[in-house]
Amino acid sequence: MEKQTHEESGPEVFETLKYIIDPEVGINIVDLGLVYKVSLEEEKLHVDLTLTTPGCPMSGTIVTATEQILLKRFPNLDIKVELVWTPMWTTEMITEEGMRQLNRKS
Amino acid sequence: MSAATTSNSPGKWVVLPHYAFAAVAFLALSVLLLFSTDAFSGHYFHPKLLTLTHVAVLGWATMIIFGALYQLLPVVLDCKLYSEKLAIYTFGLLGAGTILLSYSFWNFQLGWTMHAAACALVAAFILFNINITQTARKAPKWTIEADFIVTSGIWLLVTGIVGLLMAVNFTFPFLPLDHVHYLKLHAHIGMAGWFLLLIIGVGVKLIPMFLLAHPEDSKKLNWAYNLINAGLVLFIFDHMLLQTKLLPLYGVMVALGVGMFILYLRDAKNTMQRKEIDLGMQQTFVALAILLLPLILLFVVSSNLNLPQQLLSSIYLVYGISVFLGFVSALILGQTFKTLPFIVWMHAYENHVGRFKTPLPKDMYSHSFLRWQNIFYLIGLVVLIAGVLLREQQIILAGSIAFTITAILYTVNVFQMLLHKAHNLKPFTYGKANA
């Protein structure tokens, strides 16, 4: 898996994406490990994200949410969100904070 | 990284009417149950019991499974549904066929109404088969889940055709053996071929997904598929042609197949990251536990144990109840709350997500109603089975009342979701997202 590039693209993007909650799990997509890559080249912000399972019915909704929230937060950037399936998401990609939230829900 | 497609979900008018029809059918079923307490004292070939069974299997279970499958098939197979139009025609035929058939059985009118109902149902099953087969053909990868789902559709059609032949045979007798003989065939193909295979096919994808688990090994599922189908095919041949005493052996094969599925789910449970088991999943596990009862009773009804006829009749009834009002209904009562909130949420909020704060799907129904629904359901099932075994109408009535309360709570929750509209949304204010 490509590392999430907090330092390179700025933590602000990740903080913004934390507002998008996976509707089934109830945890934000960053801590769920769904955001694979964020890169900023000139005025283009590119985000690669995945879902917990291929064919997830929420795919369109989550992609749209990501685009909408980034457009609103960074109106001067050209936003491109791409849904990717490799590497396949596994539960090992959940962050420590995500695991803490999962366990807190028990 | 390889790029993926966006959502394959069908339109809401393809899916949601199935949930509405099924909820009303479940309510109708429980009300009919209140007026059928006298029907449980004899043989299962009784107009009221035939009505109850067909309302349960067609109006309630098959209807909601069709609707849910149109939403879930794209998830399981990772491709779009072949035809939304076909799905809507199928809904019309299944709905009309169910109402006509229930009317015919309740009034025991064996003429044209029953023939028309059976024809409508078989037509619905043909359209359904075309839709799922063509969808599966478009799937990027043929999986064991596709095997289960496509095969279950074929068994549903076979069940329907046997039912149609029996309906015609009521008026124009042409079948060589008595009706009960074909009824056993009709019921078992429906139970093991349609419901069991379909539930396993969808369950192996959804249950690990809801538990955040990734079981890798699909060998157990291959075994499950082969054992259940082999057991069913051997049963059909034996029952129709040979009539040996090997029926319990075929039952063992089906039970072993179910065992393989349960072992697969145990693997999923062992790797799950999600510690919270919500009410919908709790009810799903209750359904899986209830499945043990019909599997045990399968041996009793397929073996010649020389039990008194009255007790055997009651056991047959409990066998049917444990499948349709037990396993299948329990599963639907739980899985409705794992599917419907997301479908409604997606349609209500897809244009608002990322711009406004939106509620979560789990906020769209009453958890208190769901908790009581699950409690009354279990009480209803246990009391009903006790009443049937004891042949006590008052106890059966008490069980029916508990079922009716279950159905009311379920229907209120379902319609609360179906009628949900997005309103008073507040835009995001940025701060600490995890706070």
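The model is a predicted one, in which local features need pLDDT of at least 70 and side-chain atom pairs count only at pLDDT 80 or more, while totals for chains, interfaces and linings use all residues. Residues are numbered from 1 along each chain as its sequence is written, and chains are lettered from A and ligands numbered from 1 in the order in which they are written.

Chain B holds 13 helices and two strands (DSSP runs numbered from the N terminus: H or I of at least four residues for helices, E of at least two for strands). With a radius of gyration of 22 Å, close to the 22 Å that the globule rule gives for 435 residues, chain B is as compact as a globular protein of that length (the radius is taken over C-alpha atoms, and the rule is 2.2 Å times the number of residues to the power 0.38). Its C-alpha trace spans about 75 × 45 × 45 Å along the principal axes.

Two of the helices in chain B, α1 (residues 12–34) and α3 (residues 84–106), pack at an angle of about 15 degrees with their axes 9 Å apart (axes are lines fitted to C-alpha atoms, for helices over the stretch in contact, and angles run from 0 to 180 degrees between N-to-C directions). α1(B) and α3(B) are therefore roughly parallel, a label for angles under 35 degrees. On the α1(B) side, B:Val14, B:Pro17, B:His18 and B:Phe21 meet B:Glu84, B:Ala87, B:Ile88, B:Phe91 and B:Gly95 of α3(B) (contact puts C-beta atoms, placed from the backbone, within 7 Å). Sorted by class, this contact has six nonpolar, two polar and one charged residues (Ala, Val, Leu, Ile, Met, Phe, Trp, Tyr, Cys and Pro are nonpolar, Asp, Glu, Lys and Arg charged, and the others, Gly among them, polar).

Over in chain A, three strands make an open sheet in the order β1-β2-β3, with mixed pairing (strands pair if DSSP finds at least two bridges between them). β1 (35–41) and β3 (78–83) of chain A sit at the edges. β1(A) and β2(A) (residues 44–49) pair in the antiparallel sense over six bridges, and A:Glu41 has A:Lys44 as its bridge partner. Helix α3 (residues 59–73) of chain A lies across β2 and β3 of that chain, at about 160 degrees to β3(A).

As for the two chains together, 44 residues of chain A are in contact with 34 residues of chain B. On the chain A side, the largest share, twelve residues, comes from α3(A).

Key
Parallel < 35°, antiparallel > 145°, perpendicular 65-115°, else oblique.
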